[in-house]
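Please look over the protein shown here, first its sequence and then its fold. The briefing below is meant to be read alongside it.

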Amino acid sequence: MEVVVEDSGGLPAGSVLTVHAGGFQGQAAIEPNAVVRLPCVSGAEDVRVELTSQVGTKCVKLTPGKEVYSVLIQPADEQNYGHEATLQLQMRDLSGRAAQQPNGQYAASGGTVVEGRPTSPKRKLQTALSMRNYLDDHNVLAQMQELLQDVIAHRPGDPLDFMIGRLEEACKGSDELA
């Protein structure tokens with residue numbers, strides 16, 4: 001199944017479309033021609049469409065040895081989202097050890113288990129938005145697209161060596177600019 005956004009309906013930047021069908025879900029930023037693809041789903045099944053918007057963001061500078069942080073979130077749109085909110089977050093470094101949960105289960109690599117349940121859809125959305133913002137801030141998607149287009153245009157014998165060479169050239173270029 002493929003879902004294409006034909007008109008964003010004037011929704012604010014940062015809005016996200018989530019489509020649920022047949023036990024699968026996909027997400028895309030709300031913008032013209034955005035695409036959500038899901039594995040084949042028969043036309044007889046219901047499709048749930050969700051729309052979410054980012055309320056606000058805040059970058060937190062981590063301090064070694066500190067685990068609890070007060071994070072003040074200023075809404076991007078106070079008229080629609082109200083006043084600022086302060087979150088109390090515990091952030092622990094779990095590198096090099098498995099994350100054991102209170103129920104004795106261990107978190108799978110790249111995910112978390114909270115009381116034996118999978119990560120919430122809200123948390124998945126927040127993670128996806130955070131990842132997308134990072135990629136956008138550093139222009140990674142455009143650079144990778146250009147790199148893949150070069151591979152297709154040149155069709156080198158060893159595409160990985162070709163890509164490594166191009167990335168090394170890009171690194172040298174950015175070092176010279178600094």
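What follows is a short account of the overall layout, the core, the salt bridges and the surface.

This is a predicted model, in which local features need pLDDT of at least 70 and side-chain atom pairs count only at pLDDT 80 or more, while totals for chains, interfaces and linings use all residues. Residues are numbered from 1 along each chain as its sequence is written, and side-chain values use heavy atoms, with hydrogens and water left out.

**Overall layout**

- The protein has 4 helices and 7 strands, where helices (H or I, at least four residues) and strands (E, at least two) are DSSP runs numbered from the N terminus.
- Along the sequence, these elements follow the pattern β-β-β-β-β-β-α-β-α-α-α.
- Of the 178 residues in the protein, 17% are buried; buried means under 20% relative accessible area, exposed means over 50%, and partly exposed lies in between (1.4 Å probe, protein chains only).
- Among the contacts with a separation of 6 or more, 35% join residues 24 or more positions apart, a contact being heavy atoms within 4.5 Å.

**The core and a buried serine**

- In soluble globular proteins, nonpolar side chains tend to be buried together.
- The largest nonpolar core has 9 residues in all, namely Val5, Leu17, Val19, Ala21, Ala28, Ile30, Ala34, Val36 and Leu38.
- Strand β2 (residues 16-21) gives the most to this core, with 3 residues.
- A nonpolar core is a set of buried Ala, Val, Leu, Ile, Met, Phe, Trp, Tyr and Cys residues joined through side-chain atoms within 4.5 Å.
- Val36, leaving aside its neighbours within four places in sequence, is in contact with Met1, Glu2, Val3, Leu17, Val19, Gly26, Gln27 and Ala28.
- Ser15 is found in the loop between β1 and β2, and with 1% relative accessibility Ser15 counts as buried.
- Beyond its neighbours within four places in sequence, Ser15 is in contact with Ala28, Ala29, Ile30, Leu51, Thr52 and Ser53.

**Salt bridges**

- The count comes to 4 salt bridges, under the rule that a side-chain nitrogen of Lys or Arg lies within 4 Å of a carboxyl oxygen of Asp or Glu.
- One of them joins Glu2 and Arg37, with the closest N and O atoms 2.9 Å apart; because Glu2 lies in strand β1 (residues 2-4) and Arg37 in strand β4 (residues 35-37), the pair ties together parts that are 35 residues apart in sequence.
- Glu2 is partly exposed at a relative accessible area of 47%, whereas Arg37 is exposed at 60%.
- Another joins the side chains of Glu50 and Arg48 (2.8 Å, N to O); Glu50 is partly exposed at 26% relative accessibility, and Arg48 is partly exposed at 46%.
- Asp150 also forms a salt bridge with Arg166, the closest N and O atoms being 2.7 Å apart, and this pair links distant parts of the chain, with Asp150 in helix α3 (residues 140-154) and Arg166 in helix α4 (residues 159-177), 16 residues apart.
- Asp150 counts as buried at 19% relative accessibility, while Arg166 counts as partly exposed at 26%.

**Surface**

- The protein exposes about 13500 Å², of which carbon and sulfur atoms supply 53%; accessible areas come from the Shrake-Rupley method with a 1.4 Å probe, and for residues only the protein chains shown count as cover.
- Met1, Val47 and Val49 form a nonpolar patch on the surface, with about 230 Å² of accessible area together.
- Patches are made of residues with over 30% relative accessible area and no salt bridge, where like charges are joined within 9 Å and nonpolar side chains (Val, Leu, Ile, Met, Phe, Trp, Tyr) within 5 Å.
- Val47 has its place in strand β5 (residues 47-52) and is partly exposed, with a relative accessible area of 35%.
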